[in-house]
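Hi everyone, thanks for making the time this morning. I'd like to walk you through one chain, starting with the overall fold and ending with a couple of individual residues. Have a look at it on the screen.

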Amino acid sequence: MSGAVSFSMKPNWQRELTTALLPRFRELGARMADGARADCPVDKSPDRLPGKHLINTIYFEVRNDGTIILGASAPYALYVECGTAPHPIDSHGPWPLRSRSGQVFGQHVNHPGTRAQPFLRPQLFRRWSMR
């Protein structure tokens with residue numbers, strides 16, 4: 001046959017390619033984590049301690065197959081990222097619920113929920129240039 005082209009690939013070509021690209025994947029993961037830290041909301045409520053805890057829990061991991069994992073290990077990170085629906089809060093004893101500043105609410109509160117403040121997911125959709 002004239003004009004036919006054939007080629008063959010090494011059996012482990014995918015592993016070799018992924019291994020060669022791992023440094024770039026690590027660079028991309030670090031940039032995504034930096035972007036998440038820049039987008040992360042900071043709690044500035046006067047009745048709370050200064051809130052940089054969430055920012056300090058943002059991490060990334062690059063697995064050997066090239067998968068990049070971006071996350072935050074704070075136990076409330078999911079609630080900040082996705083928000084919460086309205087929900088009741090009940091006291092776990094005979095005492096009333098109070099704010100950190102001492103404001104008394106009673107033994108039952110209908111919490112209005114919180115709006116989502118995404119800081120991780122936007123990194124998946126950002127255009128990252130690798131130069």
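So, what do we have? The protein chain contains four helices and six strands. Please keep in mind as we go that this is a predicted model.

Now for burial and surface. Of the 131 residues, 24% count as buried. The chain exposes about 10,000 Å², and carbon and sulfur atoms supply 57% of that area. On the charge side, there are 17 positive and 10 negative side chains, with the centres of the two sets 4 Å apart. And among contacts with a separation of 6 or more, 56% are between residues 24 or more positions apart.

Let's go inside. As a general point, nonpolar side chains in soluble globular proteins tend to be buried together. Here, the largest nonpolar core has 15 residues, and the ones touching the most other members are C40, L54, I58, L70, A72, F119 and L120. At least two core residues come from each of α1 (13-39), α2 (53-56), β2 (68-72) and α3 (77-82). Which element gives the largest share of this core? That is α1, with four residues.

Beyond residues up to four places away in sequence, L120 touches A36, L70, G71, A72 and E81.

Next, T57, which sits in the loop between α2 and β1 (58-62). Is T57 buried or exposed? Its relative accessibility is 11%, under the 20% cut-off, so T57 counts as buried. Setting aside residues up to four places away in sequence, T57 touches G71, A72, S73 and A74.

My last stop is R26, back in helix α1. R26 has 40% relative accessibility, so it counts as partly exposed. Leaving out neighbours within four places in sequence, R26 is in contact with F60 and V62. Between those two in sequence is E61, and R26 and E61 are 35 residues apart in sequence but 7.8 Å apart in space, C-alpha to C-alpha.

That's my tour, and I'm happy to take questions!

Key
Residues numbered from 1 in each chain as written. Predicted model: local features only at pLDDT ≥ 70, side-chain atom pairs only at ≥ 80, totals over all residues. Heavy atoms only, no water. Buried < 20%, exposed > 50% of the residue type's maximum accessible area, 1.4 Å probe, protein only. Contact = heavy atoms within 4.5 Å. Areas by Shrake-Rupley, 256 points an atom, 1.4 Å probe, with all protein chains shown as cover. Lys, Arg positive; Asp, Glu negative; His and termini not counted. Charge placed at Lys NZ, Arg CZ, Asp CG, Glu CD. Core = buried A, V, L, I, M, F, W, Y, C linked by side-chain atoms within 4.5 Å.
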